[in-house]
Amino acid sequence: MIVVTMDLQHENSVALRFERVIAYFLDGIPRPFLEIVPDLGYAVTFDFCSVGVTPDYTGLTESVFFPEVLESQLFEPVCSCYCITSTPSSRIGSHYSPYIGTFRFNEKGIYFQKEESGFKQRVVRIPAETCEERGTMSLISDRELRTSLFIDFYVKIVADHLVHDRGSLRRIVILATQGMTAEYKGAVEQVVTELKRLYIRACSQAAYQYMAQNLQFRRITSALRLSEAENYGLTSKKILTTEDACFELALHFKLSIDLLKDSLPWNKRTHRFFKSLQELWVTRFDKLVIFDISTNQWRTNADSFLAQLGCSMRAAFTRIRIEFYTQLEMLLFSEILGSRQFISLDYHAFNESELRRIFLAVRIFLVNRIRTFILEALKDLVHFFTTVEDGVIPLSRARKISLIEIQLTVSDSGLPCSPSFASLRFGLADLLDELLDSCNNLPTPESVIMRTLDFQRCTLNSFGADELSLKDILINSLDATGSRIEELTRKYAHFSTLPLINGAYFTRAKDTIVQDQIYLLRETIVEITKTSPDVVVSGCIAINCTKVKKWYVEHWTMYLEKYLVALKSDLFSHITRTVEGYRCYNTCLNKEPKTVEELEDFFHVVCDTESRSNEVKMKDCNQVIGWFHCLETLQIPVDTQLYAAALDLMRCPNELMQLALKSREVCTKSKPFIIEQLSEFRNAIKRHITTIGDGVAELLGLFNLDVSDIAAQTCEELRALVDKVLKGFEHITYCEKSLEIEEVDSFEDFFPVLRTFDVLEQFWNTVFDSTAVRDYYNQPINMLNATQMIDHVRCCRRLLHHSTRGLRAYPGLVRLGRQQEHVLAEFECLEGILTCITAPGLRKNHWKEISRILGKDTKTNIQIDASSPLLLLLEAGIKDHFDALKQIVDQASVDFETEASLERMKSEAKRTRFVFYTVEGTEGVLVLSPLCRDSISSQLEGFLLDLRVLHHQVSVSQYVINSIIEWESAVEKMLITLANWTEIEYEWMEVMYFGMTLDAIGEGETPAIGGREWKFLHEKVGSLNGIFSVLSTALQKTQYTLFTAMIQENIQEQLTLAATILSDIRKVVMGLLDAKRESFPRFLFFE
């Protein structure tokens, strides 16, 4: 007893030291890969995981680099190969290498090593302390105990990944204990549980032994002092199976067999019942057909075949539902002795009676038969679809086997498709789902026969959704045919797009292009017929391509016919337009010319008709002949209308030539009449020349200024006659050249008269224009334009001087011209005075000053203003006071320019508006845009610079200086307002966020100390937000500009109020902080 206690204490000591060292594995212990990891790093042989022990960071650790790459002669790493699947079957042939991790045999026996440019290592921390104290002997039992404890970690990992094994053991327990007593069920479960535990332990032990082959694994786990893998078997202390345990398991199995002999429902008493049940199924249901795949013809429509399968399946299950349960009830009450008393059983007695176990056995029998029944039907269906090898088979061989016909048709979009195949493919899938529902929804026998007990509705559930593996085979077979259909649809899809004509007609393209277009369409139609046979057989499915082929042939044929119709229509339109264009010469030549112009145009049309006749013959006719030859080569019939139009075109050259000959005769007959008309026109021109000479003589006899208006009007009338005579000269010359006749009269005596008339016209027109100077003296000053008047006077004087020199032979006209020149010269001398008195900027005070200066000499009170006439100023002696006048005007000009500059600044201010933007994280809070603020500041500073320049100008009146000072004060005040606005707005933003924090504090959460102050702060922050809201709303109005802000002072008032509120808030906050500092003197508070 003492020895056993000492052993237990020693084992506890070893286990405790093992747990302490395990806690020093800061990155976890090595664990194997139990499933495929596609993106695994190169040379990673294992992974690390935590084992539920809290890491101890106080122990000493050392670092190792992971992973390490060692060389192998026969293996290459699978981890560097892409794996498309992660199922357990994908690991067949793959193993674990102690050198480079997961590997596969490369069958060459040569050295292999895959170099990776992206190879990376990481540091793994392992304990420096070991599980054995220094200087002590290492006991084998201690190493085995630590190894067993280490394998316990792998047991948890392995148990989570053995999903399939747990499912298998569960089905063993269910199938082995159906209909058995609770005692037998407990014995089987105990045995199976022990087997499961041993199996998981063995798998964990195998994983450890496999991992221990790796050198780096042994290096990392060396601190644990585990036993050698080759010396450690399944008989560890924790999984050791003793002889007593084996004997106990044997007793459990023997007890299970004895209970099986006594409790199974197929003993002597129930033997006849189960035998009759077997015969019932064989005679009545064994030959049922679930899927009727028989066909009367070698081709069966897919929809009919699918309907046939559905009808046979539903009929089979209907018969099982009706007949099997009826016959079962008759057998139960006829073959089992004392079965009549089963009718009087209640639900509790039924569960304790042998009848429940009989029904359970019948349920198992029915489930097995239906499963076999369905699997055989599925095998027959799969055999029907897969009996023919994959690929296309010839039609001669296909006629000897049963086939399912599907149609390849064309959809509304013009692309080929196969709705019948889709119906077959998805119809079969739905039918198999219906088959699964039908077999799983069959009721249990006891719920049908023992109807008086009101069983809860329960079905057999014969199949799981993942147990119909033949369904995938069937669908894959159909998918192979689907691939063939996709191939056919891709081929026929090339014909879904018609080629573009792109104006490929005779009149727009070359003949070869038209021929190529027609050849392409015809070849495509032939290619459609040769794309595939009418019936393509793929496996047991016949793909009927007749409809799609017929549709595309008709589609392309119709397109070709429309193209030929359009081709001939375009040709007919071209010939018709050409003929009509040539026949328009008939309209032009079927008239007699009356004038020289008409005769010349008529002659040009005749020449053009002759050239066009030759052009039609050499170009258009030959071109149409070539087009008809092309139609004949393409074997395209030509209709009567097109042929008649071509004949009309062929007759056009002769018709045009005959028309030209007739027109030349008309020209010869019309020439004498036109020459007579020209003689009459020449006489009319001579009469106009005589009238002009009389008018010039009359103008030479006028010497008075008062008749200048009559002379100017006479000149205007004579100018119209002169223009008419000059045009007549040109017309006569043109007609003589056109008619090819000699010149009759040169009209040389007219040109001296014309030169004299030109000088007289200039003289009298200038004299008449110069009379307007008299009106200038009587016009008000404010209606005078000095520049225009002086320019007009100078122009008149220059023209008058030039024309007077041309009339030196006529003294009276020369004297009149000299007098008028003198009048113009006198007015021209008034240029300086006119410039001064019409200068802009003269106000009433300036006119008063001018009146005062003019009144000194006469010692009278003269009233002069902008409405006074020029003559009044001249009579008052303004010429004598020109210097004084100029001083007044210069000062007025300076004031005017200065005021214009001020007005420009104000206008710019009126066009400048304030721009705001919404602050992020707030609900519609608007602040002035920084760009807008900087722009306005720059503009105001520019105003200040301009104002300082204006302020230092000389001769600026005090009134203007006051305006400058007033505007300068407004600009400086606005600059100060903007600066204050920036500072106050920045401080307001901080306070606003502080207010948002106050709003987030719920009612009752306000700190108890200073509660009144918090409420005060909340109210003040709200008031401050309202001030800036009102300010932004007002400044964004349409009528509010920078000029309005400079004139009004509401912005400064609002900012002053905001500054006051901010000062109050600052005082309250500082008071709260001071209170906190007094309450917590050791804390440091930041403002």
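**Figure 1. Arginine 284 and its salt bridge to glutamate 323.** Arginine 284 counts as partly exposed, at 36% relative accessibility. In this predicted model, the side chain of arginine 284 meets that of glutamate 323 in a salt bridge, with an N to O distance of 2.6 Å. Glutamate 323 belongs to helix α8 (residues 302–335) and arginine 284 to helix α7 (residues 271–285), so the pair ties together parts that are 39 residues apart in sequence. Glutamate 323 counts as buried, because its relative accessibility of 18% falls under the 20% limit.

**Figure 2. The salt bridge between arginine 125 and aspartate 27.** The side chains of these two residues, arginine 125 and aspartate 27, come together at 3.2 Å, N to O. Arginine 125 is part of strand β7 (residues 122–127), whereas aspartate 27 sits in the loop between α1 (2–22) and β1 (29–31); the pair therefore ties together parts that are 98 residues apart in sequence. Arginine 125 is partly exposed, its relative accessible area being 31%. Aspartate 27 is also partly exposed, with a value of 26%. The structure as a whole holds 23 salt bridges.

Figure 3. Arginine 719 and aspartate 723 meet through their side chains in a salt bridge of 3.9 Å, N to O. Both residues lie in helix α19 (residues 708–739), where four residues, or about one turn of the helix, separate arginine 719 from aspartate 723. Arginine 719 has a relative accessible area of 22% and is partly exposed. Aspartate 723, at 36%, is likewise partly exposed. Through salt bridges that share partners, Arg719, Asp723, Asp758 and Glu761 are joined into one network.

**Figure 4. Packing of helices α20 and α22.** Two packed helices are described by the angle between their axes and the distance between the axes. For helix α20 (residues 750–770) and helix α22 (residues 786–806), the angle is about 145° and the axes are 9 Å apart. The crossing of α20 and α22 is left-handed. On the α20 side, the residues in contact are Val759, Gln762, Phe763, Thr766, Val767, Asp769 and Ser770. Their counterparts in α22 are His792, Cys796, Leu799, Leu800, His802, Ser803, Thr804 and Gly806.

**Figure 5. A nonpolar surface patch that includes leucine 647.** Val638, Tyr643 and Leu647 make up a nonpolar patch on the surface, and together they have about 250 Å² of accessible area. Leucine 647 is located in helix α18 (residues 640–700). With a relative accessibility of 36%, leucine 647 counts as partly exposed.

Figure 6. Helix α15 (residues 511–530) contains threonine 524. Threonine 524 counts as buried, because its relative accessibility is 8% and the limit for burial is under 20%. When residues up to four places away in sequence are not counted, threonine 524 touches Phe495 and Trp556.

**Figure 7. The cis peptide bond between phenylalanine 66 and proline 67.** Phenylalanine 66 and proline 67 are joined by a cis peptide bond, for which omega is about 0°. Proline 67 lies in the loop between β3 (61–66) and β4 (75–77).

Figure 8. Arginine 225 is a residue other than glycine with a positive phi, near 55°. The loop between α5 (215–220) and α6 (243–263) holds arginine 225, and this residue is partly exposed, with a relative accessible area of 26%. Glutamine 635, although not a glycine, has a positive phi of about 60°. Glutamine 635 is found in the loop between α17 (596–633) and α18. Glutamine 635 is exposed, because its relative accessible area of 68% is over the 50% limit.

**Figure 9. The protein chain as a whole.** The protein chain has 32 helices and 16 strands. Of its 1087 residues, 40% are buried. Among contacts in the protein chain with a separation of 6 or more, 80% are between residues 24 or more positions apart. The protein chain exposes about 62,200 Å², and carbon and sulfur atoms supply 54% of that area.

Technical notes: Residues are numbered from 1 along each chain as its sequence is written. This is a predicted model: local features need pLDDT of at least 70, side-chain atom pairs count only at pLDDT 80 or more; totals for chains, interfaces and linings use all residues. Side-chain values use heavy atoms; hydrogens and water are left out. Patches are made of residues with over 30% relative accessible area and no salt bridge: like charges are joined within 9 Å, nonpolar side chains (Val, Leu, Ile, Met, Phe, Trp, Tyr) within 5 Å. Accessible areas come from the Shrake-Rupley method with a 1.4 Å probe; for residues, only the protein chains shown count as cover. A salt bridge is a side-chain nitrogen of Lys or Arg within 4 Å of a carboxyl oxygen of Asp or Glu. Helices (H or I, at least four residues) and strands (E, at least two) are DSSP runs, numbered from the N terminus. Buried means under 20% relative accessible area, exposed over 50%, partly exposed in between (1.4 Å probe, protein chains only). Axes are lines fitted to C-alpha atoms, for helices over the stretch in contact, and angles run from 0 to 180 degrees between N-to-C directions. A crossing is left-handed if the near helix is turned anticlockwise from the far one by less than a right angle, and right-handed if clockwise. Contact means heavy atoms within 4.5 Å.
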